[in-house]
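Please consult the sequence and structure shown below.

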Amino acid sequence: MGNNQSELEYEIKRLEETISLAKKQLNQARQRNEENKSAILSAKKELRENTTHSISGLWSSDGFEALAELSQYVNPVTEKIADYEAVENKILLLENLIKSPYFARIDFKFDDEDMSEKIYIGRSSLKKDNSYEMYIYDWRSPIASVFYRFVTGQAFYDSPGGRITGEVDLKRQYEINNGVLEYYFDADVQIVDEILRKLLSQNTSSKMKTIVESIQKEQDIVIRDMENDLLIVQGVAGSGKTSIALHRAAYLMYQGLSSKLSANNIIIISPNTLFEQYISNVIPELGEDNVVSVIFEEMLASILQNERIQSRNQFLENLITSSGYRDIIKSSIEFKTSHQFMEILNLFIRDIPDRWIEFEDIYYEGQCIVTKEVLKEKILGRNETPLGVKLKQLEDFIVESIYESKKIRLKKSVKKEILKFTEINVLTLYRKLFNDREYFYDLVKDFKLPDCIEDILIYTQENLNTKLLYYDDATALAYLNLKINGANEYKNIKQVVIDEAQDYYPLHYEIFNLLFANSQFTILGDINQTLEKKEDLSLYEQISKILNRKKSSLVTMDKSFRCTNEILMYSSKFIKQSLEIKSFNRKGDEPKIYTASDQLSLNDMIISEIKLCLEKGYQSIGLICKTEKNAISLFGFLKDRVDVQLIKDESTADLHGVFIIPVYMSKGLEFDAVLICDTDTTNYHSEDDKNLLYIGCTRALHRLNLFCKGEASPLL
């Protein structure tokens, strides 16, 4: 605590001034939007009254003047609406700012000045009306980096105008809630660690938290990196990867104010809907609320319109539960998402015009207008143009040829004839690749194929005859589609943030490269948290090679902030420690294994553990099962005895309370207490199962225990 009474009085007065300035600006903003509202209403009214033409008449030939007249009324309305939205956004920021305006202050003496300047740092900035005087600096501003990176003494920061040097005389942190200063302290490293420890020992909330107050030096360097076109972060479980990814997106948005990057230029690719919901409030709290977040399956669905696609969660459930098929499912996805299969698909695309499109002579009223040889000739060559685009151009060429010789409008029947070979059905083609054995083996004669290739072909043919497009085929098909039809949907994206990098295969990165050809990438992962494959650090070399950006860098984060020492030590025995994991010293109970002889006594044990956790005041308790099947059956046993929610594929939930969840859906989430509920020898025995146990155990912040019926897994 600041020992000096006058110092405390100064801080209280400074806070009052800040809040009253923010309130004044808030009232002005509210008033402005009242005016905006009435201006929009009257502009809309004017629009209705002055454009006498009905909208349907606008598209006739004499509708053109009406259209021009309409635009002079429409423009003011759209401008007013844009202004209204911008002010609404400002109102929201100010309302949050009044509750907790800042969390830190540094006193910085610039090298050419005599006195140091007090720099207050908060989630968003506050400027005195019509002057350059900053009351609060945004945590993302260049000078704020000094707070994260330096203790008192010599320091510097990089501003748009170059490097600025000086000295930090004071580092102070505040706890302000609902406009009240609860306490402050002057920080050296020791105290910051204490505070962080205090923050970490609290219960988790149902949403992910912003961590601006406690960003560590190495995290700050990643968040603010503007050097690299490709930034890869390997972070151990609990190192704050996801949080850093989101803070980085917010930081890039802030930088965008000067480099013309706006929200729709940044996209975050999330592993599933539950995770997307869990992170949903971080970016708005950091002062940005319109960054696009998308799930990979949604991207697949938009590339492959009209297909029913197996979700990654369904794929994993299928893989983990099927005993007889597991090897073939793994071999199939490994083969179809490999660099080698991409080369096979590229050869296949090259063969399509020659082999798989049946060109026909075009007749009109009995006369041959264009021969099939001429049509084929037009398609071959010009390899840089996607095939789909060339076929569309071919349509125009045929229509023009008929028009030139006949000077007539086209009949529908002729249009249908043309579309026979200018419309490509990618799925039909893909089926042909697997159905025509002779062709397939001829195409792949120069490649070294997996030993079980024949099984893969049979398995794929069976899957392609169902109504559902399997996850591995959907990925290959998306690549085929993008190569044939081109990729335009995400042209405006400048920054892509990909979380859980280890969940994707080489072909996924080829797809990202096609979709985001002009983007920079931030990619975060943990090679120890792979579910169905083995990965090591070479994964990141592969990604680097595929995305092939000018400047790239790999950062390793080895400090885990989530679990207690005991939980971290226990979890670590399930992985080969290729990476050192450092814990942030926090003590807790040792994890225990509870075995029950039958289902009834297992249920009793689980229920009494849940009750104990609730008595301890834990807000979120995760009951983790190996599969959705196991989760559903456990839910059946417990639902009448305790208030519990079941989370299955595609469910969304506010993670507050007691949950039953399959392990593969728990990735990236955290719970105050975790119960792994099915750790018997039938469920967990293989090498892959070790990774599942590692993921499950590292979800726990404070308490972890394992339960099983019958014989405990040898892996424990």
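## Cavities

How many cavities of 30 Å³ or more does the structure hold? The structure holds seven. This is a predicted model, in which local features need pLDDT of at least 70 and side-chain atom pairs count only at pLDDT 80 or more, while totals for chains, interfaces and linings use all residues. Residues are numbered from 1 along each chain as its sequence is written, and side-chain values use heavy atoms, with hydrogens and water left out. A cavity is a set of points, on a 1 Å grid over the protein atoms alone, where a 1.4 Å probe fits but cannot get out; lining residues have an atom within 4 Å of a point. Grid points are joined across faces, edges and corners, and a volume is the space filled by probe spheres set on the points.

The largest cavity has a volume of about 100 Å³. Its lining includes L316, R326, E532, K626 and D689, and by class comprises five nonpolar, one polar and six charged residues. Helices α10 (312–321), α11 (326–336) and α25 (687–697) each contribute at least two lining residues. The largest cavity lies between domain 3 (315–474) and domain 4 (577–709), because both give residues to its lining; the domain bounds come from an automatic or database assignment.

P271, R312, D503 and Y664 are among its lining residues, which divide into four nonpolar, two polar and three charged.

## Sheet β18 to β23

Six strands form an open sheet in the order β18-β23-β22-β19-β21-β20, with parallel pairing. Strands β18 (592–596) and β20 (645–646) stand at the edges with a single partner each, so one side of each has no neighbour in the sheet. Two strands count as paired if DSSP finds at least two bridges between them; β20 and β21 (657–662) are joined by two, and Q645 has F659 as its bridge partner in β21.

Helix α25 packs on this sheet, touching β19, β22 and β23 (contact: heavy atoms within 4.5 Å). Its direction makes about 145° with that of β22, where angles run from 0 to 180 degrees between N-to-C directions.

## Sheet β8 to β15

Another open sheet of six strands has the order β10-β9-β13-β14-β8-β15, again with parallel pairing. Its edge strands, β10 (292–295) and β15 (552–557), each pair on one side only. Parallel strands β8 (230–235) and β14 (520–525) are joined by five bridges. Helix α21 (538–547) touches β8, β14 and β15, at about 165° to β8.

Key. 1 Å grid on protein atoms, 1.4 Å probe; cavity = no way out; pocket = protein on both sides within 12 Å on 5 of 7 lines; lining within 4 Å. Helix = DSSP H or I, 4+ residues; strand = E, 2+ residues; numbered from the N terminus. Nonpolar A, V, L, I, M, F, W, Y, C, P; charged D, E, K, R; others polar.
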